[in-house]
Number of protein chains: 2
Amino acid sequence: MGLMNTQSAWLDDDQQDLWQALLTVVIALPAALDRQLQREAGISNFEYGVLARLSMADEATMRLSELARVCDSTQPRLSKVMDRFEARGWVARRPDPSDGRYTLATLADAGRQKLVESAPEHVAQVKRLVFDPLSAAQRRHLGAALTRIAATVRRELEGG
Amino acid sequence: MGLMNTQSAWLDDDQQDLWQALLTVVIALPAALDRQLQREAGISNFEYGVLARLSMADEATMRLSELARVCDSTQPRLSKVMDRFEARGWVARRPDPSDGRYTLATLADAGRQKLVESAPEHVAQVKRLVFDPLSAAQRRHLGAALTRIAATVRRELEGG
DNA sequence: CATCATGACTTGCCCAGGCAAGTGATACGA
DNA sequence: TCGTATCACTTGCCTGGGCAAGTCATGATG
């Protein structure tokens, strides 16, 4: 354990600290966001993200495969989310006229309303948990580092 | 939307970018780690963390409530993980002699062996996805920022 | 000492999500 | 033109985890 080369099988102390903090964030942050959104709006953090992404798209419409990609979702997961959303009248699905293999999803008015009414508390929570504890410089550094990691992880999931 | 004060209900562009990168990391990073560990070792990232934490404790023994806390786990979740681990002979549970309300968990040899044999590939994956993309300075900045966020999120979950 | 409150842990019920197999649509090759 | 490969998406089966209720041990209170 102490006799390994620089590509050791273990993490050194600084790396351990970073890794532990990152584990806490990836485990506990979604849990905290889910609890708040579930309580206030009856949806999960992931579902909120799907609504938000759709709302930003042109005509509030996207192909499911593209929506899955930007939400870091598998296709079955998104498919089931859309089942729930469609049942509540929040989105509509229809075949893509230009290629029948694709399916277009459009955010309905009820869906946009749900998003708008749950946004304030959710955004406040995000600010409280993520932005408020940091200085402006720390935010910049964090953004830069996370962007690099996010790109690496995305490649990993798409390639594997 | 454009006429709100500094405590706006929305995120500005820089915040959006950071937030999106963080979302990708909290969603896709656990997924990537889970896939690799599941394939190579048949355990989840969370289960690996439980084994690792226990192995670091004095006598490889901890109270369940304390273990749950450091693993950012609820008690039912950890309880079920321990059911699975005990069935495989990886841990043993027994009442705390000094207070029968607590339960002590001890990592068994088979559990330590499982940890040791799955560690190298897992650690390599962590390095590849998290550390390799960053410069030394970025790692320090990231560690500092994540530590602050982790502390805030921990307080949130314990207090709520 | 009986009762009641508290705190640690477990159990049961329910639902979300992963994976693998199935369906339908389009492109491609013989 | 007729399979055949390739996508995009959906469905079924199974497991993990959240929540709320239940159990058990301890401590406090009359």
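The dialogue below takes up salt bridges, backbone angles, a surface patch and some distances.

Me: What kind of model is this, and how is it numbered?

Reply: This is a predicted model, in which local features need pLDDT of at least 70 and side-chain atom pairs count only at pLDDT 80 or more, while totals for chains, interfaces and linings use all residues. Residues are numbered from 1 along each chain as its sequence is written, chains are lettered from A and ligands numbered from 1 in the order in which they are written, and side-chain values use heavy atoms, with hydrogens and water left out.

Me: What is a salt bridge, and how many are found over all chains?

Reply: Side chains of opposite charge can pair when their charged atoms come close. A salt bridge is a side-chain nitrogen of Lys or Arg within 4 Å of a carboxyl oxygen of Asp or Glu. A search of the whole structure finds 20 of them over all chains.

Me: Which residue meets Arg93(A) in a salt bridge?

Reply: The partner is Asp83(A), with N to O at 2.6 Å. This pair links distant parts of the chain, 10 residues apart: Arg93(A) is in strand E2 (residues 91–95) of chain A and Asp83(A) in helix H4 of chain A. Helices (H or I, at least four residues) and strands (E, at least two) are DSSP runs, numbered from the N terminus. Asp83(A), Glu86(A) and Arg93(A) are linked in a network of salt bridges.

Me: How is the exposure of such residues described?

Reply: Buried means under 20% relative accessible area, exposed over 50%, and partly exposed in between, with a 1.4 Å probe and protein chains only. Arg93(A) is partly exposed because its relative accessible area is 25%. Asp83(A) also counts as partly exposed, at 40%.

Me: Where in chain B do Glu66(B) and Arg69(B) lie?

Reply: Both residues lie in helix H3 of chain B, three residues apart, which is about one turn of the helix. Glu66(B) forms a salt bridge with Arg69(B), and their closest N and O atoms are 3.2 Å apart. Glu66(B) is partly exposed at 32%, and Arg69(B) is partly exposed at 41%.

Me: With which residue does Arg154(B) form a salt bridge?

Reply: Arg154(B) pairs with Asp72(B), the closest N and O atoms being 2.8 Å apart. Arg154(B) lies in helix H6 (residues 136–159) of chain B and Asp72(B) in the loop between H3 and H4 of chain B, so the pair ties together parts that are 82 residues apart in sequence. Arg154(B) counts as partly exposed at 24% relative accessibility, whereas Asp72(B) counts as buried at 16%.

Me: What is the phi of Asp72(B)?

Reply: Most residues other than glycine have a negative phi, and most peptide bonds are trans. Asp72(B) has a positive phi of about 55° although it is not a glycine. The loop that holds Asp72(B) runs between helix H3 (64–70) and helix H4 (75–87) of chain B.

Me: What is the phi of Asp72(A)?

Reply: Asp72(A) has a phi near 55°, a positive value in a residue other than glycine. Its place is the loop between helix H3 (64–70) and helix H4 (75–87) of chain A. Asp72(A) is buried, with a relative accessible area of 16%.

Me: Which residues form the negative surface patch?

Reply: Patches are made of residues with over 30% relative accessible area and no salt bridge; like charges are joined within 9 Å, and nonpolar side chains (Val, Leu, Ile, Met, Phe, Trp, Tyr) within 5 Å. Here Asp12(A), Asp13(A), Asp14(A) and Asp17(A) form a negative patch. Asp12(A) is in the segment before helix H1 (13–41) of chain A. Asp12(A) is partly exposed, at 43% relative accessibility.

Me: How are distances along the chain and in space to be read together?

Reply: The two distances are given side by side for a pair of residues. Ser118(A) and Ile43(A) are 75 residues apart along the chain, and their C-alpha atoms are separated by 9.2 Å. Ser118(A) is found in helix H5 (residues 109–131) of chain A and is buried, with a relative accessible area of 6%. Ala137(A) and Asp96(A) are 41 residues apart in sequence and 45 Å apart in space, C-alpha to C-alpha. Ala137(A) belongs to helix H6 (residues 136–159) of chain A and is partly exposed at 31%.

Terms used:
Accessible areas come from the Shrake-Rupley method with a 1.4 Å probe; for residues, only the protein chains shown count as cover. Lys and Arg count as positive and Asp and Glu as negative; His and the chain ends are not counted. The place of a charge is taken as NZ of Lys, CZ of Arg, CG of Asp or CD of Glu.
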